[in-house]
Amino acid sequence: MNWLIAIAVPESDFMGQINKNTRTTILLCSAALLLSTIAGVLPARWVTLPLLLNEAAKDIAARECALLLSVGLMKSAN
């Protein structure tokens, strides 16, 4: 004889821990994505900032400066 025994378990009992682990994994992956994005953007801006300043210096040298700088004189307190 070949007997088969089956046990019925409610889905919520079976899937509860799996769903909790899934939510935790999604949260940790989102946090890792955010941190890696920040860790990539900050050094990229640090590296490219001199390039942007170099372009601005070339524009100023060619007198094509788009920025209007005003210089004021300070009066002495004497």
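I began just past helix H1, where Arg63 takes a positive phi of about 55°. I note that this is a predicted model.

I then went back to the fold as a whole. The protein chain has 1 helix and 0 strands. I checked the length of that helix, H1. Its 51 residues should span 75 Å at 1.5 Å a residue, and I found its end C-alpha atoms 72 Å apart, so the two values agree.

Where does H1 kink? I found a kink of about 35° at Thr48, shortly before the proline Pro50.

Next I looked up burial. Of the 78 residues in the protein chain, 0% count as buried; the cut-off for buried is under 20% relative accessible area. The protein chain exposes about 8,100 Å². Carbon and sulfur atoms supply 68% of that area.

Which residues make the nonpolar surface patch? I listed Ile5, Ile7, Val9, Phe14 and Ile18, which together make a patch of about 610 Å².

I took Val9 from that patch for a closer look. Val9 sits in the segment before H1, and H1 runs 11-61. Is Val9 buried or exposed? I read a relative accessible area of 53% for Val9, so Val9 is exposed, the cut-off for exposed being over 50%.

Key. Residues are numbered from 1 along each chain as its sequence is written. This is a predicted model: local features need pLDDT of at least 70, side-chain atom pairs count only at pLDDT 80 or more; totals for chains, interfaces and linings use all residues. Side-chain values use heavy atoms; hydrogens and water are left out. Patches are made of residues with over 30% relative accessible area and no salt bridge: like charges are joined within 9 Å, nonpolar side chains (Val, Leu, Ile, Met, Phe, Trp, Tyr) within 5 Å. Accessible areas come from the Shrake-Rupley method with a 1.4 Å probe; for residues, only the protein chains shown count as cover. A salt bridge is a side-chain nitrogen of Lys or Arg within 4 Å of a carboxyl oxygen of Asp or Glu. Helices (H or I, at least four residues) and strands (E, at least two) are DSSP runs, numbered from the N terminus. Buried means under 20% relative accessible area, exposed over 50%, partly exposed in between (1.4 Å probe, protein chains only). The expected span of a helix is 1.5 Å times one less than its number of residues. The bend at a residue is the angle between axes fitted to the seven residues ending there and the seven starting there.
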